[in-house]
Amino acid sequence: MNAIDRFLHYVTYYTTSDDSTGTSPSTERQKDLGRRLMEELTELGLRDIRMDSAGNVIATLPASGTEHAPVLALIAHMDTAPDAPGEHVKPRVVRYTGGDLSLNESVSLTEALCPGLSDHVGEDLIVTDGTTLLGADDKAGIAEIMTALEVLLGSDQPHGEVRVVFTTDEEIGCGVDGLDVAQLACDYGYTVDGGPV
């Protein structure tokens, strides 16, 4: 499965966090995506796959063909912001031809709202119908990590151990609550969460 297909599937999970609950994770629904990711990690052959009490998903891709390589952690978050609706997301792929991009009769993406939009004329963009968040922050990062794992596993390239970490509640400032960072035992960690290409 490619990153786009994964992403289009992941955004259908309702994972909005809630800063009023006082629980960790702040919403149990975040664990629904976490359980699906655990299934996929199992299918890919990762090891030590677990979900901690805060809903964080952790897994390990063992090293292959190399010794003494640094342990790398790839990190992304499962929750979406509570600032706008995150349930019943209807993603679609559209060819951007320039100017304002109408999502529905009353909502459009504009250069003012999305600086840099005009740099993507002629490209396919993934958008919603304008009634919900898309959830690219950070389900796109999850899709990228899962696809990178699949590519790495399908290659003969030597690699060190890779730790995969999918956290909850990042959007409400609690993204590593309950996560035992020392237990990850990694040398380097990279958060895959947006930014320019």
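Helix H3 covers residues 136-153 of this predicted model. Its 18 residues should span 26 Å at 1.5 Å a residue. The end C-alpha atoms of H3 are 25 Å apart, which agrees. Buried positions in H3 are Asp138, Lys139, Gly141, Ile142, Ala143, Ile145, Met146, Thr147 and Leu149. The cover over these buried residues includes helices H1 (3-10) and H2 (30-44). Strands S2 (57-61), S3 and S8 (162-167) are also among the covering elements. In an α-helix there are 3.6 residues a turn, so residues three or four places apart point the same way.

H2 has 15 residues. From first to last C-alpha, H2 reaches 21 Å, close to the 21 Å expected at 1.5 Å a residue. Gln30, Lys31, Leu33, Gly34, Leu37, Met38, Glu40 and Leu41 are buried in H2. These residues pack against H1, H3, S2, S8 and strand S1 (47-51). After H2 comes Gly45, with a positive phi near 95°.

Ser26 sits in the loop between H1 and H2. Ser26 is buried, with a relative accessible area of 5%. Burial here means under 20%, so the 5% of Ser26 qualifies. The side chain of Ser26 makes a polar contact of 2.6 Å with the side chain of Asp169. A polar atom of the Ser26 side chain also lies 2.9 Å from the backbone nitrogen of Asp18. Leaving out residues up to four places away in sequence, Ser26 touches Ser17, Asp18, Thr21, Asp169 and Ile172.

Gly86 lies between strand S3 (72-77) and strand S4 (92-95). Gly86 is buried, at a relative accessible area of 10%. Apart from neighbours within four places in sequence, Gly86 is in contact with Tyr14 and Thr16. Gly86 and Glu43 are 43 residues apart in sequence. In space, their C-alpha atoms are 28 Å apart.

The structure holds zero disulfides. A disulfide is a covalent bond between the sulfur atoms of two cysteines. Cys114 is partly exposed, with a relative accessible area of 26%. Cys186 is partly exposed as well, at 30%.

Technical notes:
Residues are numbered from 1 along each chain as its sequence is written. This is a predicted model: local features need pLDDT of at least 70, side-chain atom pairs count only at pLDDT 80 or more; totals for chains, interfaces and linings use all residues. Side-chain values use heavy atoms; hydrogens and water are left out. A disulfide is a pair of cysteine sulfur atoms within 2.5 Å. Buried means under 20% relative accessible area, exposed over 50%, partly exposed in between (1.4 Å probe, protein chains only). Helices (H or I, at least four residues) and strands (E, at least two) are DSSP runs, numbered from the N terminus. Contact means heavy atoms within 4.5 Å. The expected span of a helix is 1.5 Å times one less than its number of residues. A polar contact is a pair of N or O atoms within 3.5 Å; within protein, one must be able to donate a hydrogen and the other to accept it, and residues adjacent in sequence count only if both atoms are side-chain atoms.
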